[in-house]
Amino acid sequence: MTSANSVPNVMLNDGNSIPRIGFGVWQVPDDEAFTAVTSALTIGYRSIDTAAIYGNESGTGRAIASAGVPRDELFVTTKLWNSADRPWTRDRVFTEFDASLDRLGLDYVDLYLIHWPRPMREDYRTIWQAFTELKADGRARSIGVSNFEPEQLRTIIDDTGVVPVLNQIELHPDFAQAELRAVHEKLGLVTEAWSPLGQGQGLLDDPTLTRIAHEHERTPAQVVLRWHLQIGNVAIPKSVTPHRIRQNLDVFDFELAAADLDAIAALDTANRLGGDPATFDVG
């Protein structure tokens with residue numbers, strides 16, 4: 001069984017590091033987030049991923065406060081919900097960041113992300129500049145983005161000279177994003193997968209995955225998470241079921257063969273489950 005001490009980290013381009021497997025709380029109600037995050041921390045997770053729009057930063061923060069895990073052993077991520085209701089300014093970014101810190105009950109976060117690029121508005125450029133100030137202040141130890149495409153990544157790097165530490169994107173065997181992962185590698189940032197298990201849309205029932213799981217005496221979810229690790233991703237699976245939370249972390253003591261990786265690569269349909277970053281506008 002994997003413990004907190006046996007979960008490897010990956011180095012970020014700013015010298016910080018992030019655990020290879022984290023715990024996501026998307027779609028977990030605030031009152032349930034306390035229980036789920038408490039379970040995750042007890043089991044051995046040390047990376048917790050939330051967001052302002054999830055509405056569960058408070059429950060997540062209460063769990064962190066009561067878990068008894070030293071703060072410097074945790075890696076807490078939250079995200080700015082860059083909605084379109086009014087223009088984005090530096091001061092607005094700082095106000096929203098402070099509100100997230102208050103809800104979490106923390107003095108700093110380990111990673112702060114822009115949730116969506118909204119390229120049709122270009123607010124992300126102003127927001128990223130403000131993020132670089134939060135990084136300089138030390139209240140956001142690392143800064144990154146979510147759902148960005150290569151054009152937006154290169155724009156903010158050209159604007160500021162600051163490369164995001166990672167891009168959190170939809171990524172699973174049905175939507176493997178090989179081209180975008182190659183861009184990340186070239187630019188020097190980590191790929192982090194949201195919905196790494198395919199959002200319960202049938203991926204884990206795929207005959208190829210069930211066959212590989214049977215051969216390794218693992219679950220299909222464990223096989224998919226192991227695939228993420230072996231192709232270089234950080235993954236943040238979500239569950240509110242304790243035994244599944246435990247299983248999702250227990251993926252570091254087996255290895256998929258090259259033939260397994262090839263078979264999983266063949267599952268890629270290039271079909272998204274979530275929004276298209278090129279057209280999605282945050283409401």
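Helices (H or I, at least four residues) and strands (E, at least two) are DSSP runs, numbered from the N terminus, and the expected span of a helix is 1.5 Å times one less than its number of residues. The views show a predicted model, in which local features need pLDDT of at least 70 and side-chain atom pairs count only at pLDDT 80 or more, whereas totals for chains, interfaces and linings use all residues. Residues are numbered from 1 along each chain as its sequence is written, and side-chain values use heavy atoms, with hydrogens and water left out.

**View 1. Helix α4 and its buried residues.** Helix α4, residues 123–137, has 15 residues and reaches 22 Å from its first C-alpha to its last, close to the 21 Å expected at 1.5 Å a residue. Its buried residues (under 20% relative accessible area, with exposed over 50% and partly exposed in between; 1.4 Å probe, protein chains only) are Asp123, Tyr124, Ile127, Trp128, Ala130, Phe131, Thr132 and Leu134. These buried residues pack, with contact meaning heavy atoms within 4.5 Å, against β5 (75–80), α3 (90–104), β6 (109–114), β7 (140–146) and α5 (150–160). After α4 comes Gly138, whose phi is positive, near 85 degrees.

**View 2. Aromatic pairs.** The structure holds 6 aromatic pairs, where rings of Phe, Tyr and Trp (its six-membered ring) pair if their centres lie within 6.5 Å, and planes under 30 degrees apart count as stacked, over 60 as edge-to-face and the rest as tilted. Tyr112 and Phe131 form a stacked pair, 4.6 Å centre to centre with 15 degrees between the planes; because Tyr112 lies in strand β6 and Phe131 in helix α4, the pair ties together parts that are 19 residues apart in sequence. Both Tyr112 and Phe131 are buried.

Trp116 and Phe280 form a tilted pair, 4.3 Å centre to centre with 40 degrees between the planes. Trp116 lies in the loop between β6 and α4 and Phe280 in the segment after α10 (258–265), so this pair ties together parts that are 164 residues apart in sequence. Trp116 counts as buried at 7% relative accessibility, whereas Phe280 is partly exposed, with a relative accessible area of 27%.

**View 3. Helices α7 and α8.** Helix α7 (residues 207–216) and helix α8 (residues 220–230) pack at an angle of about 95 degrees, with their axes 8 Å apart; axes are lines fitted to C-alpha atoms, for helices over the stretch in contact, and angles run from 0 to 180 degrees between N-to-C directions. Leu209, Thr210, Ile212 and Ala213 in α7 meet Pro220, Val223 and Val224 in α8.
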